[in-house]
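Please walk me through this structure, step by step.

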Amino acid sequence: MSKTIKKCFDSNLTFEKMLAAHYRASDGKSSKKEVILFEIDLENNLINIINDIHNGTYKFGNYREFKVYEPKERIIKSLPYRDRIVHQWYVEEFIKPYFFKRFIKDTYACLDGRGTHKAVECVQKMMRIMKRKYGTYYVLKCDIKKYFYSIDKSILMNILRKRISDDKLLEFSYKILDDGNKVGIPIGNFTSQYFANIYLNELDHYVKENLCVKYYVRYMDDFILLIPTKERAKFLMDKINDFVNVRLNLELNAKSKYFPSHQGIDFCGYHIFETHILLRKRFKKKFKKSIKVWRMLKDQDKLYYRKFLMSYNSYRGHASHSNSYHFLQKMEKIVNELDIK
């Protein structure tokens with residue numbers, strides 16, 4: 001594998017690849033007005049994108065901003081549809097083939113074949129190994145304070161430069177990142193989740209190779225280390241704190257801490273023990289709130305079956321990965337009582 005991404009920008013700038021990017025960007029959104037308008041003159045629109053990128057005249061549009069409140073309040077930024085196609089093309093042609101191979105095997109966010117459930121399985125497997133080896137051990141659980149809002153773009157560009165020797169690709173990467181702010185990348189951009197993974201890949205390799213931690217799992221900016229002793233956990237927390245401060249210009253969240261293993265681990269929406277996995281209280285509260293909303297909408301004859309089913313199946317899918325038989329039975333009973341058809 002080449003150490004850097006060499007002259008490949010123009011060779012990947014083809015109609016076929018941009019069309020494939022359009023299909024990925026429009027997946028599940030084909031009824032949206034902006035997608036329909038784009039597809040009215042699809043061929044010319046894609047050719048114009050390709051020509052603008054090739055000539056160096058491509059300009060990204062203005063962001064649309066809105067807030068979401070689950071699981072916490074965040075500002076989401078959304079680009080026009082044509083830009084979202086370009087982001088899809090950029091990630092598929094350059095990020096996935098070249099950067100994914102450099103990720104450690106125990107990072108789980110935004111990677112094909114991984115995800116939250118695989119991350120939870122991995123943590124539990126590691127916990128069982130540590131239990132057999134040491135009996136009692138310690139967990140170091142950390143996350144980054146306001147991660148996406150704190151990513152230093154100059155540091156991110158330096159990381160990209162280490163791997164990209166194609167000047168056109170570097171220049172275009174800077175264009176994607178340039179939203180007028182020196183710090184922070186927009187939550188909502190398709191590229192942001194991948195840039196965020198690349199950024200903390202530096203921490204992954206530091207923890208695995210410099211600190212020699214065997215049992216380490218990361219899901220985006222949440223990460224777990226399993227450590228034999230309290231003293232070692234404290235030492236590692238100090239080292240990691242120094243690394244993210246000095247090398248990445250980030251801060252650990254104040255909630256980052258180390259604790260004995262018998263407490264179990266809150267991670268990726270579950271409370272994990274060596275012997276079983278439980279649902280978090282926050283999940284149960286959220287489900288109960290949804291039930292109230294469903295009942296209210298049903299009484300008003302405004303509950304649409306398809307939307308309800310998608311929401312319910314999402315809850316059930318999450319719960320099914322835990323040892324929560326009685327809660328699953330309760331979920332089914334409540335839904336049957338609603339009698340939604």
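Helix α9 passes helix α10 in a right-handed crossing. A crossing is right-handed if the near helix is turned clockwise from the far one by less than a right angle, and left-handed if anticlockwise. Two packed helices are described by the angle between their axes and the distance between the axes. Here α9 (residues 190–210) and α10 (residues 230–246) pack at an angle of about 145°, and their axes lie 11 Å apart. Axes are lines fitted to C-alpha atoms, for helices over the stretch in contact, and angles run from 0 to 180 degrees between N-to-C directions.

Which residues make the contact? From α9 come E202, L203, Y206 and V207; from α10 come K239, I240, F243 and V244. Contact means heavy atoms within 4.5 Å. By class, the contact of α9 with α10 has six nonpolar, two charged and no polar residues. Nonpolar covers Ala, Val, Leu, Ile, Met, Phe, Trp, Tyr, Cys and Pro; charged covers Asp, Glu, Lys and Arg; the others, Gly among them, are polar.

A word on the source. This is a predicted model, in which local features need pLDDT of at least 70 and side-chain atom pairs count only at pLDDT 80 or more, while totals for chains, interfaces and linings use all residues. Residues are numbered from 1 along each chain as its sequence is written, and side-chain values use heavy atoms, with hydrogens and water left out.

Now take the whole chain. The protein chain has 13 helices and nine strands. Helices (H or I, at least four residues) and strands (E, at least two) are DSSP runs, numbered from the N terminus. The C-alpha trace spans about 60 × 60 × 30 Å along its principal axes. Of the 341 residues, 47% are buried. Buried means under 20% relative accessible area, exposed means over 50%, and partly exposed lies in between (1.4 Å probe, protein chains only). Among contacts between residues at least 6 apart in sequence, 72% join residues at least 24 apart.

Next comes helix α4 (residues 81–99). Its 19 residues reach 25 Å from first C-alpha to last, close to the 27 Å expected at 1.5 Å a residue. That expected span is 1.5 Å times one less than the number of residues. Helix α4 bends by about 35° at V91. The bend is the angle between axes fitted to the seven residues ending there and the seven starting there. Helix α4 is mostly covered, with 14 of its 19 residues buried. In α7 (residues 153–163), the buried residues are K153, I155, L156, M157, I159 and L160.

The loop between α4 and α5 (116–134) holds F103. Is F103 buried or exposed? It is buried, because its relative accessible area is 8%. Leaving out residues up to four places away in sequence, F103 touches L111, N197, I198 and N201. The C-alpha atoms of F103 and N201 are separated by 6.3 Å, though the two are 98 residues apart along the chain.

C110 sits in the loop between α4 and α5 too. Its phi is near 60°, a positive value in a residue other than glycine. Most residues other than glycine have a negative phi. N249 also has a positive phi, of about 55°, and is not a glycine. N249 lies in the loop between α10 and β6 (257–260). C110 is partly exposed at 23%, and N249 is partly exposed at 44% relative accessibility.
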